[in-house]
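Please look over the briefing below, which is meant to be read beside the sequence and the coordinates. It is arranged by topic.

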Amino acid sequence: MLTRRMIAAAVFAFTIAAPALAQDKPPEKLKTVATFSILGDLVKNVGGDRVEVTTLVGPNGDAHVYSPTPADVQTISHARLVFINGLGLEGWMTRLVAAAGGNAATVTASTGVKTLRMEDENKPGHMITDPHAWQSVANAKIYVANIRDGLIKADPAGKSVYEANAKSYLAQLDDLQAEVKSAVAKIPAERRRIITTHDAFGYFGAAYGMAFISPEGVSTETEASAKDVAKIIDQIRKQKIPAVFMENISDSRLMQQIARETGAKIGGTLYSDALSKADGPAATYIDMMRNNIRQFGAALVG
Amino acid sequence: MYALLIAPFSDYEFMRRALAGIFALSIGAAPIGVLLMLRRMSLIGDAMAHAILPGAAIGFLFAGLSLFALAGGGLIAGFVIALGAGVLARLTQVKEDASLAAFFLISLALGVTIVSMRGTNVDLLHFLFGSALAVDDPTLLLIVSIASLSQIILALIWRPLVLECVDPGFLRSVSRAGGPAHIVFLALVVMNLVGGFLALGTLLAVGLMMLPAVTARFWARDISSMIVIACGCAAVSGYAGLLASYHANLPSGPAVILVAGVLYAVSVIVGPVGGLIWLRAPRRHLEA
């Protein structure tokens, strides 16, 4: 009798104490998914500690040709929010979200961005929307605003946190914008021209006044013809383009050959579609932009 | 005339390098192609292009995107597969082509699995395979060395190799050199293929190895002449193909192979040894 009452009392006391114990556990983080590393970085900066971001296409990966894995499907089905770039970057995304099920809402980060056109790599002469809108810092600020609004909609309790994070990050982006403009101003006007393998810098060129010339027909998919290469070499010689840049996801030997033959300087590595690894020079969006303008400056100034 | 035929090469260094690379490949690969054709192993080139993936993948796991690691890994994988398939074909009753097919499929699946485990989706083979228009000094040295080495080794194993193509039973009765000669030959094949992939890409490496060899079949009856004709055919295709790529804006690798293809088509029709026209033409009966 005594034992039974003692047990009952213990259980009763424990039940009363339980809510107090439960309060020690931190609130669960909002599970989100970002399609590629640059977007993931922006979401992390706006969401802060309240969100848990999983990035599908990691550092140095190619978002254009990514093949999703079953693990990705799992991740999306557990997430509440999915952030995509849109503008045709992730052709594989719509089917993936449909297949994953779950009840994730999709936020298109590029909503409201004024888009540019570019030539389709796979169909020369045919123009499509250029998806690399994040290369202009002004567009990145639009991305941040969309991310912030998406997060608030999914998690209204964190509204003040998201707004504060977004405000401070937008201030950092303003500083970045000024940095980029002054770096470009340091380059003499007639030298603001480079050749690079990937057609990713259209927005950067339009926003900051640099010309990015892509060797025609030289892409990750198609094979170059001798005439194309000869045309680039002629163009570099005639227009005295000072530098040739190689991208972090494609074979560099062709660019090296072109640079060798024209005497153009081979610039450092640029990061356009993906961040570098955490210990690399472009681990966050802001670092990426800084790395790129530093490389431009090093190759073109003087 | 000069502008059409010589100017592209004198004006641009990359054109000269492409031509040098293709000439080296012609000399190195054409004899091997002839022998492959005679031993009914013509499809080994394509199989090898896929089979080297696990080697490249393991090289990638160890050293990242280093050309040396990828090429070394690919070479080792190629050797293992070609030699493994060859040895198995000799020891068991499975024939050469079936043995190779089995090996290369397993190898390809293994390669894709290893690459997926790593997480990134960089196309390793795309990174590994070169292009005729991007031949730099190390690449040129590689392919010229391979061609020279092939000539020497081929000369050393020539007699048992040829005899095995023609009368393997007789060779087995007089000498035990057939097996080892075949193994060394397979090693040569892998070396030429992987070197060719690295320097000029799959299409050129495999195409210039096999297509001129098959073309030569219609012009000669003995092996030595076939080899000379194959080399010449490959070199001419390379030259004309590069010019076509330059003047008509065609992609370089396919242009060379298409020219080789045209030569083949012409040979099928008018070649003196078994060409279609000669087969149809009424012939005189042999008379005493």
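The model is predicted. In chain A, four strands form an open sheet with parallel pairing, and the chain is assigned two domains, domain 1 (30–177) and domain 2 (178–300). Chain A also meets chain B, with 22 residues of chain A in contact with 22 residues of chain B.

**The sheet of chain A**

- The strands of the open sheet in chain A are arranged in the order 2-1-3-4, and their pairing is parallel.
- Strand 2 (51–57) and strand 4 (105–108) of chain A each have a single partner strand and stand at the edges, so one side of each lacks a neighbour in the sheet.
- From one strand to the next, the twist averages 25°.
- Four bridges join strand 3 (residues 81–84) of chain A to strand 4 of chain A in the parallel sense, and A:Ile84 stands opposite A:Thr108, which belongs to strand 4 of chain A.
- Helix 5 (residues 137–154) of chain A packs on this sheet, where it touches strand 1 (30–36), strand 2, strand 3 and strand 4 of chain A, and the direction of helix 5 makes about 160° with that of strand 4 of chain A.

**The two domains of chain A**

- The centres of domain 1 of chain A and domain 2 of chain A, taken over C-alpha atoms, are separated by 25 Å.
- The contact between these domains draws 30 residues from domain 1 of chain A and 27 residues from domain 2 of chain A.
- On the side of domain 1 of chain A that touches domain 2 of chain A, at least two residues are supplied by each of helix 2 (37–47), helix 5 and helix 6 (159–186) of chain A, and helix 6 of chain A gives the largest share, five residues.
- That side of domain 1 of chain A divides by class into 14 nonpolar, 10 polar and six charged residues.

**Where chain A meets chain B**

- In the contact of 22 residues of chain A with 22 residues of chain B, helix 8 (226–239) and helix 9 (253–262) of chain A each supply at least two residues of the side of chain A that touches chain B.
- The side of chain A that touches chain B has nine nonpolar, seven polar and six charged residues.
- Between the chains, the axes of helix 8 of chain A and helix 14 (residues 223–247) of chain B come within 6 Å and cross at roughly 55°, which makes helix 8 of chain A oblique to helix 14 of chain B.
- This helix contact is made by A:Ala226, A:Lys227 and A:Ala230 of helix 8 of chain A together with B:Leu242, B:Ser245 and B:Tyr246 of helix 14 of chain B, and by class the contact has four nonpolar, one polar and one charged residues.

**Helix packing within chain B**

- Helix 3 (residues 13–38) of chain B packs against helix 13 (residues 202–216) of chain B at an angle of about 55°, with their axes 7 Å apart, and helix 3 of chain B is therefore oblique to helix 13 of chain B.
- The crossing of helix 3 of chain B with helix 13 of chain B is right-handed.
- Among the residues that make this contact are B:Ile22, B:Leu25, B:Ala29 and B:Met37 of helix 3 of chain B and B:Leu204, B:Leu208, B:Pro212 and B:Ala216 of helix 13 of chain B, and by class the contact has 16 nonpolar, two polar and no charged residues.
- Helix 4 (residues 44–51) of chain B also packs with helix 13 of chain B, their axes coming within 9 Å and crossing at roughly 155°, and these two helices are therefore roughly antiparallel to each other.
- Helix 4 of chain B likewise passes helix 13 of chain B in a right-handed crossing.
- B:Gly45, B:Asp46 and B:Ala49 of helix 4 of chain B make the contact with B:Thr202, B:Val206, B:Met209 and B:Met210 of helix 13 of chain B, and by class there are four nonpolar, two polar and one charged residues in it.

Note on methods
Residues are numbered from 1 along each chain as its sequence is written. Chains are lettered from A and ligands numbered from 1 in the order in which they are written. This is a predicted model: local features need pLDDT of at least 70, side-chain atom pairs count only at pLDDT 80 or more; totals for chains, interfaces and linings use all residues. Two strands pair if DSSP finds at least two bridges between them. Axes are lines fitted to C-alpha atoms, for helices over the stretch in contact, and angles run from 0 to 180 degrees between N-to-C directions. Two residues are in contact if their C-beta atoms, placed from the backbone, lie within 7 Å. Domain bounds come from an automatic or database domain assignment. Ala, Val, Leu, Ile, Met, Phe, Trp, Tyr, Cys and Pro count as nonpolar, Asp, Glu, Lys and Arg as charged, and the others, Gly among them, as polar. Angles under 35 degrees count as roughly parallel, over 145 as roughly antiparallel, 65 to 115 as roughly perpendicular and the rest as oblique. A crossing is left-handed if the near helix is turned anticlockwise from the far one by less than a right angle, and right-handed if clockwise.
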